Amino acid sequence: MPESTEAETESATEAAEETIAHVLVRPLEGDILAPFSDGELVKSETTGTWQTHNGVDLSCAAGADVFAIDTGTVSKVCSDALWGYTVTIDHDNGMTSRYCGLDGSLEVREGDTVQTGQKIGVTGASPDLESALEPHLHLEVQKSGVYVDPTAYFG
């Protein structure tokens, strides 16, 4: 087996440290209303069914400012029947974030580049899929296509 060069070892170490040290900002201040379920089934207060909760719900008043958790490119903006207005950001490092339950007056469009902490919109009413809960933002984060707990990355 060939030995690694010092430069290759340093590069791998730096990449590992960057992954561990990468810290995201919160999209808004608010208590955790419903945590990430990490693949476990939880009973939905709205539908009464058992399902996974692939994001975290952060309580807030309707009209609260929502900020990008990291730099990236807006890859999708849509009005979803279950989730309301949603914005998805590709962070160019294998991570994507999806903000659900926004008001229709968004401040970003598909293709826009956003900076960490940049306002992307405001919250609307709770998404229909979670309408039994108080007003909140539903935030999902995926790393390499796998849902991860967004709060694990918050500073």
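Hi everyone. I'll open with a cysteine: the sulfur of Cys100 sits 8.3 Å from the closest cysteine sulfur, the one in Cys78, and that is too far for a bond. A disulfide here is a pair of cysteine sulfur atoms within 2.5 Å, and a search of the whole structure finds 0 disulfides.

Before going on, some housekeeping. This is a predicted model, where local features need pLDDT of at least 70 and side-chain atom pairs count only at pLDDT 80 or more, while totals for chains, interfaces and linings use all residues. Residues are numbered from 1 along each chain as its sequence is written, and side-chain values use heavy atoms, with hydrogens and water left out.

Back to the cysteines. Is Cys100 buried or exposed? Cys100 is buried, with a relative accessible area of 0%. Cys60 is buried too, at 13%. For the cut-offs, buried means under 20% relative accessible area, exposed means over 50%, and partly exposed lies in between, with a 1.4 Å probe and protein chains only.

Now to the strands. Helices (H or I, at least four residues) and strands (E, at least two) are DSSP runs numbered from the N terminus, and two strands pair if DSSP finds at least two bridges between them. Let me take E11, residues 136-143. Of its 8 residues, 6 are buried, so E11 is largely enclosed by the rest of the structure.

Which strands run alongside? E8 (residues 95-102) is joined to E11 by 6 bridges, antiparallel, and Ser97 stands opposite Val141 in E11. E12 (residues 146-148) is joined to E11 by 3 bridges, again antiparallel, with Val141 opposite Val148. The hairpin of E11 and E12 has 2 residues between the strands, and Ser144 takes a positive phi near 55 degrees there.

E4 is also joined to E11, by 4 antiparallel bridges, and Asp57 stands opposite His138. E4 pairs with E1 (residues 32-34) as well, antiparallel over 2 bridges, where Ala34 stands opposite Asp57. In E4 (residues 56-59), Val56 and Leu58 point one way, Asp57 and Ser59 point the other way, and all are buried.

Next, His136, which lies in E11. His136 is buried, with a relative accessible area of 0%. What does its side chain meet? A polar contact of 2.6 Å joins the side chains of His136 and Glu130, and the backbone oxygen of Glu134 lies 2.9 Å from a polar atom of the His136 side chain. A polar contact is a pair of N or O atoms within 3.5 Å; within protein, one must be able to donate a hydrogen and the other to accept it, and residues adjacent in sequence count only if both atoms are side-chain atoms. Leaving aside neighbours within four places in sequence, His136 is in contact (heavy atoms within 4.5 Å) with residues including Leu33, Asp57, Cys60 and Pro127.

Last stop, the nonpolar core: a set of buried Ala, Val, Leu, Ile, Met, Phe, Trp, Tyr and Cys residues joined through side-chain atoms within 4.5 Å. The largest has 22 residues, and Val87, Ile89, Tyr99 and Ile120 have the most contacts inside it. E4, E7 (84-90), E8 and E11 each supply at least two residues of this core. Thanks, everyone!
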